Structure formats: structure tokens, C-alpha cells
Amino acid sequence: MASNMKYIPEPKTAAIVGCPFSGGQPRAGVDTGPIHLVEAGLADQLKGLGWKVEFGGHHQFEEIHVDQDPPAGIVKRPRLVSQVTKEVAQTVGAHIKAGRLPVTLGGDHSLAVGTVSGTLDVFPDACLIWIDAHADINTIASTGSGNLHGMPVSFLLGLNTPEEIRNLKNPNISSENGDDSAPFEWVVPRLSSDRLVYIGLRDVDDGEKKILKDNNILAFSMHHVDKWGIAGVMERALNHVCPNRDRPIHLSFDVDALDPTVAPSTGTPVRGGLTFREGHYICEEVYETGCLVALDIMEVNPSLEDVISVNQTVAVGCSLTRCAMGETLL
């Protein structure tokens, strides 16, 4: 069967990028999410959809040694998250340059600093569809928690000042490789606010609401899903970031966008989220554009619930991936 993928050459190949990483937030266990997704048979499921699948094992980040990584102001583990996401950016970018579609399994959503940067390195005009209960757009100045999984979009958009980023550097810690740069100085903010859209928001900090308004970023909360239905929201979202259905799409899906009754095993569940079908409809519509170039499935945390809930959440993560990669109901 011929592929409808506009940017992925035949034979279409997916590269699973396993990122068992939890450094962007305080709760343990999210680093085991990718392992559970792979063990659930995700690679074989994608092969069943006609994809060649490459998976060379999970990233271990063994060369990243951050023995001392004290907070920079309120921001926690800046050196670790910066180094890990830089490596992820290089991996994702290399897969895209080679014509593969990277499927990054997280891990916490701070990883998107790397995944989206990797996409934008190859496709500077790519758009970002961010599915999440949270906006993850806090800046160094606005964050209340200092957890970097709530901040990746601010780095991608360039909302932090050079001085704020330089202040993340600890003058008492010298880099092992002689690199004198501050954490996240490597990030080139290629994303523009008109190429970003949110769907599923329902737990947004006051500071983030101001950032969204000040930067004129299109965001659909659950109120909009209730008002227009998921089909209406997706049509508006795609018309905004990919109006001619010819712009590369990076889809970053945090499973906490789904209602906790659908995906209970995640770090920051919020009631009133997307239904099972609404989440899958989003993925199906993105696939139908033919423009998908990268996919993130983030924040599956198998340590937080009972076995049944964990299996349910892992199964949903796999099925979302399959829908974004071409599985249909008929």
C-alpha cells in the first residue's frame, strides 16, 4: 500500500528513540515509561502497519555525568536536563536527516526541548502540535516550581533572555569537556508562536496564561473541546499551523492530556481531560495530513498506579502511537 507520508521516503521507517529520563520533574518512575511501551510490543505493532522499525536500545545517557547540579535560583537540575536534551536533539535530528520518523518515548516532557530542536534543525519551518493538560511554557522568570518539564516551550520559542539563561550556569562547576556554555545555550529558538498550537489545556498557571496571550499563541482548552467538539478543534488547529497541509508537523503528546480514567498512570493527572476517542482522533487527523515528521509520547509513569492502571496507560500510549502512524478503525 502506498504511503501518504509527504516527508518520509519509502520504505517508510520509524526510529524508536527510548528516553528513560525523569530529570525534569521530581517524581520517580516516569523514566521506566519507555521500557514498558517497548516491552508491550510497540515495534511489532508499527511493523504491522507497514513500517520498518529501528530500535537500538534505550538511551542510557551514560556519558552524562552531573555529580553536582544544584538549583540555579529556583530551576532544578539545569545541567542534567540541558545535556540530556542536547543529546536527544542530535539523535532526533540525525534520524530525520536520514529519512526516518523518530518516535520518542518519554520520560518527562522536558525532553521536548531536544526532540523539537532536532526537528527544527532539519525542518526550520515545522509546526508543533502540543497535546497536554499543561502549557509547559513557564519561563525562568515565571516558574513557580523550577521543574523543567513545565518549561520546554519557553526555550523553544526563545522567551528566556540571554542573561537569564547565562544565570543558569554555576560558576563553581567546571564542565568535564571544557564547554563553558550555560545550560540551554545550545538551543536555537527556531519555533515561532504562529507555528505552535495547544490542545487539551486545563491546568495552566497564571503566568503561563499571560505568556500565551502576550505571544498570541493559539491554545484550545477543554472548554473549546466541549464547545466545538474535537473535530472542530482539530480543523481550527491544523488551519492555523498547517493551513495548506504541506508543513512538517511535530506532534508532542503528553498522556496527561487524556482524562485520568483513560490514562491514570501519569505524574500530574488532571480531571476533565480528553476521552479515549478524542485523543485518538487527534492522532488520526495528524496522520491524514501526511505531514508528520516526528512524534513524542510522554509522561507515561508506570510506578504510580496498580498493575491494571499501568497496563491500561501503556496500552493507550501504544494505540496513540499506532493511530499517529496510520492505524484506522476501518
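**Helix 3**

I started with helix 3 and asked how much of it is hidden. Of its 20 residues, 15 are buried, so the helix is largely enclosed by the rest of the structure. I kept in mind that I'm looking at a predicted model.

Next I checked its length. Helix 3 covers residues 78-97, and at 1.5 Å a residue it should span 28 Å. I got 28 Å between its end C-alpha atoms, which agrees. Just after the helix, I noted that G99 has a positive phi of about 85 degrees.

**How confident is the prediction?**

I looked up the pLDDT next. The chain averages 95, and 98% of the residues score at least 70. Strand 4 has the highest confidence at 99, while helix 1 (residues 33-39) has the lowest, at a mean of 96.

**Helix 4**

How many of the residues of helix 4 are buried? I found nine of 11, so I wrote this helix down as mostly covered. The buried ones are A112, V113, G114, T115, V116, S117, G118, T119 and L120.

Then I wanted to know what does the covering.

**Rings**

I found three aromatic pairs in the structure. One of them is Y7 with F123, an edge-to-face pair with 5.3 Å centre to centre and 65 degrees between the planes. What parts of the chain does this pair link? Y7 sits in the segment before strand 1 (13-19), and F123 is in the loop between helix 4 (112-122) and strand 4 (127-131), 116 residues apart.

Are the two partners buried or exposed? Y7 has a relative accessible area of 27%, so I noted it as partly exposed. F123 comes out at 17%, which is under the 20% cut-off, so it counts as buried.

I also spotted a charge over a ring: R236 lies over the face of W228, 4.0 Å from the ring centre.

**R245**

I moved on to R245, in the loop between helix 8 (222-241) and strand 7 (249-254). Its relative accessible area is 23%, so it is partly exposed. Leaving out residues up to four places away in sequence, I listed what R245 touches: K6, E235, L238, N239, T289 and C291.

There is a polar atom on the R245 side chain that lies 3.5 Å from the backbone oxygen of P243. I also checked R245 against V286: they are 41 residues apart along the chain, yet their C-alpha atoms are separated by 9.6 Å.

**H280**

H280 lies in helix 9 (residues 276-289). Its relative accessibility is 2%, so I marked H280 as buried. What does it touch, not counting residues up to four places away in sequence? I wrote down V316, S319, L320 and C323.

**S309**

My last stop was S309, in helix 10 (residues 307-324). With a relative accessible area of 12%, S309 is buried. Its side chain makes a polar contact with the side chain of D306, at 2.9 Å. Again leaving out residues up to four places away in sequence, S309 touches P264 and S265.

Terms used
Residues are numbered from 1 along each chain as its sequence is written. This is a predicted model: local features need pLDDT of at least 70, side-chain atom pairs count only at pLDDT 80 or more; totals for chains, interfaces and linings use all residues. Side-chain values use heavy atoms; hydrogens and water are left out. Helices (H or I, at least four residues) and strands (E, at least two) are DSSP runs, numbered from the N terminus. The expected span of a helix is 1.5 Å times one less than its number of residues. Buried means under 20% relative accessible area, exposed over 50%, partly exposed in between (1.4 Å probe, protein chains only). Rings of Phe, Tyr and Trp (its six-membered ring) pair if their centres lie within 6.5 Å; planes under 30 degrees apart count as stacked, over 60 as edge-to-face and the rest as tilted. A charge sits over a ring if NZ of Lys or CZ of Arg is within 6 Å of the ring centre and within 35 degrees of the ring normal. Contact means heavy atoms within 4.5 Å. A polar contact is a pair of N or O atoms within 3.5 Å; within protein, one must be able to donate a hydrogen and the other to accept it, and residues adjacent in sequence count only if both atoms are side-chain atoms. pLDDT is the predictor's confidence in each residue, from 0 to 100.
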